Amino acid sequence: MSVEVETGVPIPEKVGKLGRWKEIAQGMEVNGPGVLLKGETARSNAARSLRTAATTLGHKVKSQTTAEGVVVWRIE
């Protein structure tokens with residue numbers, strides 16, 4: 001059994017889907033309408049995932065808990 005070794009192989013470009021939360025975060029506009037996560041709290045996994053995805057994309061967001069759930073806005 002022999003092994004072939006190649007050098008100079010380029011790093012592949014990122015391939016695949018962004019994921020649900022990054023797709024939502026990417027669609028948010030600065031000072032635009034917020035995203036309502038019904039029935040969630042500010043510490044829920046859904047709210048945390050959306051904030052993390054937005055931050056990963058370089059967006060600044062603000063969130064607030066309301067009677068309906070959590071609203072997340074893109075501020076920058």
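**Elements.** I counted two helices and three strands in the chain. Reading from the N terminus, I get the order α-β-α-β-β. For my own record, helices (H or I, at least four residues) and strands (E, at least two) are DSSP runs, numbered from the N terminus.

**Ground rules.** I am looking at a predicted model, where local features need pLDDT of at least 70 and side-chain atom pairs count only at pLDDT 80 or more, while totals for chains, interfaces and linings use all residues. Residues are numbered from 1 along each chain as its sequence is written, and side-chain values use heavy atoms, with hydrogens and water left out.

**Overall shape.** I looked up the radius of gyration and found 19 Å, whereas a compact globule of 76 residues would be near 11 Å. That radius is taken over C-alpha atoms, and the globule rule is 2.2 Å times the number of residues to the power 0.38. I also noted the box that the C-alpha atoms fill, roughly 65 × 25 × 15 Å along the principal axes.

**Cover and contacts.** Of the 76 residues, 24% are buried. Buried means under 20% relative accessible area, exposed means over 50%, and partly exposed is in between (1.4 Å probe, protein chains only). Then I checked contacts (heavy atoms within 4.5 Å). Among those between residues at least 6 apart in sequence, 56% join residues at least 24 apart.

**Strands.** Which strands pair with E3? Strand E1 (residues 35-38) does, in the antiparallel sense and over four bridges. Strand E2 (residues 61-65) also runs antiparallel to E3, and five bridges join them. Two strands pair if DSSP finds at least two bridges between them. I then zoomed in on valine 71 in E3: leucine 36 stands opposite it, and glutamine 64 has valine 71 as its bridge partner as well. Strand E3 itself (residues 69-74) is mostly covered, with five of its six residues buried.

E2 goes over into E3 by a hairpin of three residues. Glutamate 68 is in this loop between E2 and E3. Is glutamate 68 buried or exposed? I can call it exposed, because its relative accessible area is 52%. Leaving aside neighbours within four places in sequence, I found glutamate 68 in contact with Leu36, Leu37, Lys38 and Gly39. I also took one distance: glutamate 68 and glycine 16 are 52 residues apart in sequence and 33 Å apart in space, C-alpha to C-alpha.

**The loop between H1 and E1.** Asparagine 31 lies in the loop between helix H1 (20-26) and E1. Asparagine 31 counts as exposed because its relative accessible area is 65%. Glycine 27 has its place in the loop between H1 and E1 too. With a relative accessible area of 56%, glycine 27 is exposed. How far apart in space are glycine 27 and valine 61? I read 13 Å, C-alpha to C-alpha, for a pair 34 residues apart in sequence.
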